[in-house]
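We'll walk through a few of its parts together, one after another.

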Amino acid sequence: MGRINKKKKETPEISTASLPDIIFILLFFFMVTTVMRKSDLLVKYQTPGATELTKIKYKQATAYVFVGFPMDEDVYGTKPRIQLNDAIAKISDVQPYIKEQYSLVPEGLKGQFIVSLRVDKDVTMGVVTDVKQELRKADALKINYSAKKRIDE
Amino acid sequence: MAKGKKRGSTEINASSMADIAFLLLIFFLVTTTIDQDKGILHGLPPWTDVPPPDIELRERNVLEILVNSNNQLLVESDYIEISALKEIAIKHISNNGKLPNFSESPKKAIISLKNDRGTSYEIYIQIQNELKAAYRELRDIEADKLTGGRMTFDQISDCADPLDEIYKNMDQCNVWKEKIKEDIPMIISEAEPKDVGGN
């Protein structure tokens, strides 16, 4: 009895032993969900807003084409530019790039191949049309105009 | 006091563990961009070197949309705002021969879109968005009829996806999907943009 009384007198501490574990679980979650951006962006783009959006399901079957205004205006000027992978590209580079990307798609997903066009909303249709024509020539007929969710009042 | 402490079993101080983990956590929190890959799905016609033959279409079946480089919209030679486009598209597709200058049936309805090279991409996307919304609304009505109000068209196409295995009655969904697509085909014809400029 005496012993029990002694224990009760000690100030109870909240155990923080499990805190690292909790933090580690969170850490692992973010580590797993983090996608390190594959390509450095050389163009600025802000996608337009829309309501009729479809999600791209298969990331392995997706090729990206960026169109926007160059970040480095001294080197690339102020006109809209196309970026493929890590570099600013010419319009004639689109077709080989798409073909290469298509060959990298795993066999079972070839039919799902889709090109995601990430185009700045202030770009004019001229560039976009040129890209679209190249995609048609490369036989990549499924495209996705990347857009943000727009909330209508 | 000091003596008593020394006698206790030595423990590795783990209190800094949390701090280390926190630092890592914050690093990943900051670098994470949960990448939403969403957008407007669009199909392109296959490339042909020879220009496609002129097909004769009855003019009433074609809803002509023109956009100039000042982002102004001309639908069937009327100047309209984008917000009114969906309404007109729905009226055109689901006319079923009632009004003389709109389509004869949804199957025959065609939307022809012509834009300038100077048209802004944002306007183009908005037009695509409105047209998609119009078709979706009509397809949803059809889906509602077919499934007795249980599913929308989006749900039907989700469940008809062969790579998605969570749904059981895939075949039924496929039948519905094909039926709706056949009854209300989405025919948007895009002409090659011209560099008219113009004011």
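Let's start with strand β8 of chain A, residues 142–146. In this predicted model, 4 of the 5 residues of β8(A) are buried, so the rest of the structure largely encloses that strand. To count as buried, a residue needs 20 or more other C-beta atoms within 10 Å of its own.

So what is around β8(A)? Within its own chain, there's β7(A): the two strands run parallel and are joined by 3 bridges. You can find one spot where they face each other by looking for Val115(A), which sits opposite Ile143(A) in β8(A). How does the chain get from β7(A) to β8(A)? It passes through α5(A) on the way, making a β-α-β crossover that is right-handed.

Now look across to chain B. Strand β1(B), residues 38–43, pairs with β8(A) too, this time antiparallel, over 5 bridges. You can follow the partners along the strands: Ile143(A) has His42(B) as its bridge partner, Tyr145(A) stands opposite Ile40(B), and Ser146(A) stands opposite Gly39(B). Notice Ile143(A) here: this residue faces Val115(A) of its own chain and also bridges to His42(B) in the other one.

β1(B) has another partner in chain A. β3(A) runs antiparallel to β1(B), and 2 bridges join them. Here Thr54(A) stands opposite Gly39(B), the glycine that also has Ser146(A) across from it.

Let's zoom out to the whole meeting place of the two chains. How many residues of chain A are in contact with chain B? There are 43, and they touch 41 residues of chain B. On chain A's side, α2, β3, β7, α5 and β8 each supply at least two residues. The largest share comes from α2(A), with 9 residues. Sorted by kind, chain A's side has 23 nonpolar, 11 polar and 9 charged residues.

Finally, head over to helix α4 of chain A, residues 94–104. Its buried residues are Val94(A), Ile98(A) and Gln101(A).

How values were computed: Residues are numbered from 1 along each chain as its sequence is written. Chains are lettered from A and ligands numbered from 1 in the order in which they are written. This is a predicted model: local features need pLDDT of at least 70, side-chain atom pairs count only at pLDDT 80 or more; totals for chains, interfaces and linings use all residues. A residue is buried if 20 or more other C-beta atoms lie within 10 Å of its own, exposed if 12 or fewer, and partly exposed in between; C-beta atoms are placed from the backbone. Two residues are in contact if their C-beta atoms, placed from the backbone, lie within 7 Å. Ala, Val, Leu, Ile, Met, Phe, Trp, Tyr, Cys and Pro count as nonpolar, Asp, Glu, Lys and Arg as charged, and the others, Gly among them, as polar. Two strands pair if DSSP finds at least two bridges between them. A crossover is right-handed if, with the strands pointing away from the viewer, the path from the first strand over the helix to the second runs clockwise.
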